[in-house]
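Thanks for coming. I have a few notes on one structure, so let me put it on the screen.

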Amino acid sequence: MVKDVMKIFEFLYGFFVDKFTMPPRHEDVIPVIMKSLRYPYTLRKSHMCNMGAPVAWPQILGALSFLRELVETAFVRAPYLNELSFPAQDVDGVSIDKIRIDFMEKSYAKFLAGADEEEDEALEQLKASDNFSTDALEKENEQLALELDHLLKELKALEDEPDRIASMKSELSGSRCLAQTVKNHVEELSTELRQKENKLKEAAEEEKALSEEIHRVQMDSKRKQHIVDVQEISAMEVQRIHMECTKLKRLKESEEQTIKDIKEQTWQDEMKVAKRLEVVR
C-alpha cells in the first residue's frame with residue numbers, strides 16, 4: 001500500500017520536478033512539498049506514517065487528487081503560457097522579451113558548461129530584435145512628432161477664431177433656452193390635458209346620473225299609465241295626468257339636450273387638446 005502511494009506521488013510530482021525520487025523519510029517530505037504547492041489542508045505526520053489505516057485514506061486521496069488536478073491544469077495551460085507571458089509580437093511573430101529570456105537561459109547554461117562562445121543564433125536574433133525595436137521606436141517618435149505638429153496647428157487655428165467659439169456658446173445657450181421653453185409648454189399642456197380628462201370624467205358621471213334619472217322617470221310614467229289603464233278616473237284626473245306626462249316629456253327632452261351639449265363640448269375639448277399635442281410634437 002505505502003509503495004503504491006509513493007509511486008503515484010513520485011509520478012505526479014515528477015511533472016513539476018524532473019526525475020524526482022522520494023527520500024527515505026517520506027512522512028517529513030510530503031507535507032513540506034504539499035505546503036509549497038499551496039495545498040489548502042494540513043497533512044498530519046501520523047497519517048503519513050500509517051498510510052494503510054482507514055483514517056488516513058481521506059487525507060492521502062485528497063492530496064493525490066490535488067496533485068492530479070495541478071498536472072491536468074498545467075497540461076491544459078501549457079500551450080498558452082508563452083502567449084500569456086509574452087503577448088506582444090515584435091520580430092517574426094515572436095516577442096522581444098521572449099527572445100531575451102531564451103538568450104539568457106541558453107547563455108547561462110553554456111556558461112555553467114564552461115563554453116565561452118558569444119556568437120550564436122540566439123545572440124543574432126537578440127541583436128536583430130534590438131535593431132528592430134530601435135527602428136520601431138524611431139518611427140513611432142516621428143509619427144508622434146507629426147501628430148504633435150498637427151495638434152499645435154489645430155490649437156493655433158482655434159485660438160485665432162475666438163468669435164466662432166463665442167458664437168457656438170451663444171447658439172448653445174439659445175438651444176438650452178428653447179429646450180426649456182418647449183419643456184415648460186409641454187408641462188402646461190400636460191396639466192391642461194389632465195384637467196380636461198377630469199372634466200370628461202365628471203361629465204361622464206353626470207351623464208350616467210341623468211340617464212338613471214330618465215330611466216326612473218320613464219318607469220314612473222309607465223307605472224302611472226298602467227294605473228290609468230286599469231282604473232276608472234275622472235276627466236280632471238286624466239287632464240292632470242296628461243299635463244304631468246307633458247311636463248315629464250319636456251323634462252326628458254331637456255335632459256337629452258343637456259347630454260347632447262355635454263357630448264359636443266367634450267368632443268370639442270378633445271379636438272383642441274389633440275391639436276395642441278400635435279403642435280408640440
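I will go through the pocket, the cysteines, a surface patch and one backbone angle.

Keep in mind that this is a predicted model.

I start with the pocket. The largest one has a volume of about 200 Å³. Which helices supply its lining? Helix H8 (162–230) and helix H9 (235–280) each give at least two residues to the lining of the largest pocket. H9 holds the largest share, with six residues. The lining residues include Glu213, Ile214, Val217, Gln218 and Ser221. Also among them are Leu248, Lys249, Leu251, Lys252 and Glu255.

How many disulfides does the structure hold? The count is zero.

Now to the surface patch. Phe11, Phe15, Phe16, Val17 and Phe75 make up a nonpolar patch on the surface, and together they have about 510 Å² of accessible area. Of these, take Phe15, in the loop that runs between helix H1 (2–13) and helix H2 (26–36). Its relative accessible area is 41%, so Phe15 counts as partly exposed.

Last, the backbone. Arg38 is not a glycine, yet its phi is positive, about 65°. Arg38 sits in the loop between H2 and helix H3 (45–49). Is Arg38 buried or exposed? With a relative accessible area of 73%, Arg38 is exposed.

That is what I have.

Technical notes. Residues are numbered from 1 along each chain as its sequence is written. This is a predicted model: local features need pLDDT of at least 70, side-chain atom pairs count only at pLDDT 80 or more; totals for chains, interfaces and linings use all residues. Side-chain values use heavy atoms; hydrogens and water are left out. A disulfide is a pair of cysteine sulfur atoms within 2.5 Å. Patches are made of residues with over 30% relative accessible area and no salt bridge: like charges are joined within 9 Å, nonpolar side chains (Val, Leu, Ile, Met, Phe, Trp, Tyr) within 5 Å. Accessible areas come from the Shrake-Rupley method with a 1.4 Å probe; for residues, only the protein chains shown count as cover. A salt bridge is a side-chain nitrogen of Lys or Arg within 4 Å of a carboxyl oxygen of Asp or Glu. Helices (H or I, at least four residues) and strands (E, at least two) are DSSP runs, numbered from the N terminus. Buried means under 20% relative accessible area, exposed over 50%, partly exposed in between (1.4 Å probe, protein chains only). On a 1 Å grid over the protein atoms alone, a cavity is a set of points where a 1.4 Å probe fits but cannot get out, and a pocket is an open set with protein on both sides within 12 Å along at least five of seven lines; lining residues have an atom within 4 Å of a point. Grid points are joined across faces, edges and corners, and a volume is the space filled by probe spheres set on the points.
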